[in-house]
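Trainee: I have a model open and want to see how its parts pack. Can we go through it together?

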Amino acid sequence: MTACSTTVGNKADIKDVKFEIGKTLKGEVAEILGFPAAMEKDKETGSELWGYPDKPELTGLYIAMPTGAGTVTMYDWAYSSGRSEQFKGAALICIFDKDGVLTDMHYPKRERK
Amino acid sequence: MKRVINTLFLLFVLAGCAATSPIKPEVSNNLRSNKIAAAFYMVNKSISYNELLFKVLWNETRTQVSKFEGFWDIDKDLCQVLVKEMTKHHLNTIPIHDVLTDPPAYTAFADAIRKPVWNEGERVPLQLDEIVINHLRESGIRYIVAIRSAHFYLDTTPMNSSGPMYIPSDLRVYDIQNAEEVYGINYPIGGRIEWGKTVRNIESNSLAILKESSREWVRLSAEKDLPNVLGLLTE
């Protein structure tokens, strides 16, 4: 049985996307990457922050273990770090001005190295 | 042991459903003869994708949230669908957006409906500010019928090209004259959605697939379930 890879992640790999500061619009980013996992708007300036993880969050694990003659027991763990609710753990942060134009991009994981 | 727990949980949920009282006949009668403001409000304007992955020796679930606020005025859009269906049931209904045209008034309504609905297993009734109640009274509105939804929720696997999508919701009936909630019930909405090759196609072209599907789900639920919930069916 071939192992599956996830399909609910970003529509494109963050490494491969090329956006232009001062030109790319929010809608274009959404079409290429999908809508962001985290979003924050500054009500005063109208600017908006979008955050994207590098991959979907692991929220459950199921392991089948033989536990007796002809018996298999399923063990499962479910958890959430709450990562997707904040920008913590974001692999890409896009900043847009009030007109929806991209003004800056950050790659927090690359920048920390 | 797990099967026993799951069965007990299912029975508990079903017991909860069975224990919900029907709407009072006088409220149903009043709904038929008074003006209603209908509302649809999604608290988290987002899609929660949950995918089960087979990894040979183990299985895992992966989750990603996709926030679309600012790209689709879902509250206005689905409210219009709700109003259209309620009107077909001969209810004198207008969208709440047409009444609460003053931004502070609509914001006050949104703030109220966003509040937690459960507290220690008990449903928390909707409470509205004076500013909202006064606007509605001045427009001759007697009741609000509001569907409050959490978000879109989808379970899938990499092999799927379609799947069930849920909008966990509840329905509230609020009496403007007496300034109190008079009825509340869980009101789940959802249905099958097709996305083709990749599930995030749901978001393409400004959420075209999602918009079309959710309009149909709200329409169907308002056509089939709402009359029963509001006690409009007469034997």
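Mentor: Start with a term. A crossing is right-handed if the near helix is turned clockwise from the far one by less than a right angle, and left-handed if anticlockwise. Keep in mind that this model is predicted.

Trainee: In which hand does α3(B) pass α7(B)?

Mentor: Take α3(B), residues 74–88, and α7(B), residues 204–224. Apply the clockwise test to the near helix. For α3(B) passing α7(B), the crossing is right-handed.

Trainee: Are α3(B) and α7(B) roughly parallel or roughly antiparallel?

Mentor: Their axes lie 9 Å apart, at an angle of about 30°. Angles under 35 degrees count as roughly parallel. So α3(B) and α7(B) are roughly parallel.

Trainee: Which residues of α6(B) meet α5(B)?

Mentor: These two helices pack at about 115°, with axes 8 Å apart, and the crossing is left-handed. Their contact has six nonpolar, one polar and no charged residues. From α5(B) come Pro104(B), Ala105(B), Ala108(B) and Phe109(B); from α6(B) come Ile131(B), Val132(B) and His135(B).

Trainee: How many salt bridges does the rule find across the interface of chain B and chain A?

Mentor: The two chains bury about 2,900 Å² between them, 55% of it on carbon and sulfur atoms. Chain B gives 32 residues to the contact and chain A gives 37. Across that interface, the salt bridge count is zero.

Key:
Residues are numbered from 1 along each chain as its sequence is written. Chains are lettered from A and ligands numbered from 1 in the order in which they are written. This is a predicted model: local features need pLDDT of at least 70, side-chain atom pairs count only at pLDDT 80 or more; totals for chains, interfaces and linings use all residues. Side-chain values use heavy atoms; hydrogens and water are left out. Axes are lines fitted to C-alpha atoms, for helices over the stretch in contact, and angles run from 0 to 180 degrees between N-to-C directions. Helices (H or I, at least four residues) and strands (E, at least two) are DSSP runs, numbered from the N terminus. Angles under 35 degrees count as roughly parallel, over 145 as roughly antiparallel, 65 to 115 as roughly perpendicular and the rest as oblique. Contact means heavy atoms within 4.5 Å. Buried area is the accessible area (1.4 Å probe) that two parts lose on being put together, summed over both. A salt bridge is a side-chain nitrogen of Lys or Arg within 4 Å of a carboxyl oxygen of Asp or Glu. Ala, Val, Leu, Ile, Met, Phe, Trp, Tyr, Cys and Pro count as nonpolar, Asp, Glu, Lys and Arg as charged, and the others, Gly among them, as polar.
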